[in-house]
Amino acid sequence: MSSPDPQVRAARNHSTSPAVRGPVVAVTGAASGIGALLTERLAASEEIKQVIAIDERRGECAAAQWHILDVRDPAIAEKLRGADVVVHLALDLDLETDPAARSAYNVRGTQTVLTAAAAVGVHRVVLCTSAMVYGALPDNELPLSEDAELRATAEATGVGDLLEVERLARRAPRAHPGLNVTVVRPGVLVGGTDTALTRYFESPRLLVVAGSRPAWQFCHVEDLCSALEYAVLEKVDGELAVGCDGWLEQEEVEELSGIRRMELPSAVALGAAARLHRIGLTPSPAGDLAYTMYPWVVSGSRLHDAGWRPQWTNEEVLAQLLEEVAGRHTVVGRRLGRKDATAAGAAGATVALLGAAAVVRRARKARRRI
């Protein structure tokens, strides 16, 4: 007789294991990405009694109890009944998604989950946004504390949605007494992710805006999942920032990556990025550039005080990122090679930026000859 499927064995082992007195945890967005990683991690933890997995399709974790539905469906309340903690990870931050549809999904989904959780007696909801909500500004402290003002604007990809999620998180305990909300804000997320910031390292040259002061702080998805688990187990609460210890200066990034820079004046870079996005050649708005220009490094002091430590360094995460993007070619956020039209758009973007750089170089040479 053939041996049982590994997933079947895992389910049997889970069902016959001694009773666990820990919390019942529901995870939305559990079928893929961070949600899938966290679901597997929690299901394997001896400190977790049960994991309820919610998504629009079934994931691979056999030890979880699966419910298939859209998080915007009010019927989610019944699926959350009996849960002690909900981790809401069903957010769409895909660069290619229509911005209006993305915002409608992210905001409505978060509203529905918070309301449903409160209605069925869930006592804690954990939300995941990004350290981008602090904003990338030239006068930011290095590092920022968790209590720093959220000064981001809605000009970068998805940041407007994340700011709205933050607003809902602050309002929820007042609207629903007894409901606690923890917000986790990771740095530049790496590990199977695709964002404007990871695509920055797919370019043949690293675009550097003259006079800017970049500082790079990464967060590996494994470290994010361990921080989320800390929040689930109530080892820490409130507003939490998570990332590698310290940061890398732009010169260090260039040395470690081996990718040379292309430097442009601010007006040229921002103007070109805005025009290219406006005519549809690039998926990233000009606001994304700010996060490669100015620091938004976080301290993560609350997690550290609770005993949490990152397992990855910035250097290690950057090395993994470079491995992941090897062979990909992106210019100003647009990937080459998907379709002829896309490739043509990327080529046009390349010409536009390189042309702008050439004009600037000629102007500088002319001034030096005067």
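Predicted model: local features only at pLDDT ≥ 70, side-chain atom pairs only at ≥ 80, totals over all residues.
## Ground rules

Residues are numbered from 1 along each chain as its sequence is written, and side-chain values use heavy atoms, leaving out hydrogens and water.

## Helices α2 and α7

Let's start with helix α2 (residues 33-43) and helix α7 (residues 221-232), whose axes come within 10 Å and cross at roughly 55°. That makes α2 oblique to α7 (the class left over once angles under 35 degrees, over 145 and from 65 to 115 are taken as roughly parallel, antiparallel and perpendicular).

On the α2 side, the contact (heavy atoms within 4.5 Å) includes I34, L37 and R41, and on the α7 side, V221, E222 and L228 are among the residues taking part. Sorted by class, there are eight nonpolar, one polar and three charged residues.

## R124 in strand β5

R124 sits in strand β5 (residues 124-128). With a relative accessible area of 5%, R124 is buried (under 20%).

## A104 in helix α4

Over in helix α4 (residues 99-119) you'll find A104. A104 is partly exposed at 42% relative accessible area (the range between buried, under 20%, and exposed, over 50%). The C-alpha atoms of A104 and D161 are 8.8 Å apart, though 57 residues separate them along the chain.

Note on methods:
Axes fitted to C-alpha atoms, helices over the stretch in contact; angles between N-to-C directions. Helix = DSSP H or I, 4+ residues; strand = E, 2+ residues; numbered from the N terminus. Nonpolar A, V, L, I, M, F, W, Y, C, P; charged D, E, K, R; others polar. Buried < 20%, exposed > 50% of the residue type's maximum accessible area, 1.4 Å probe, protein only.
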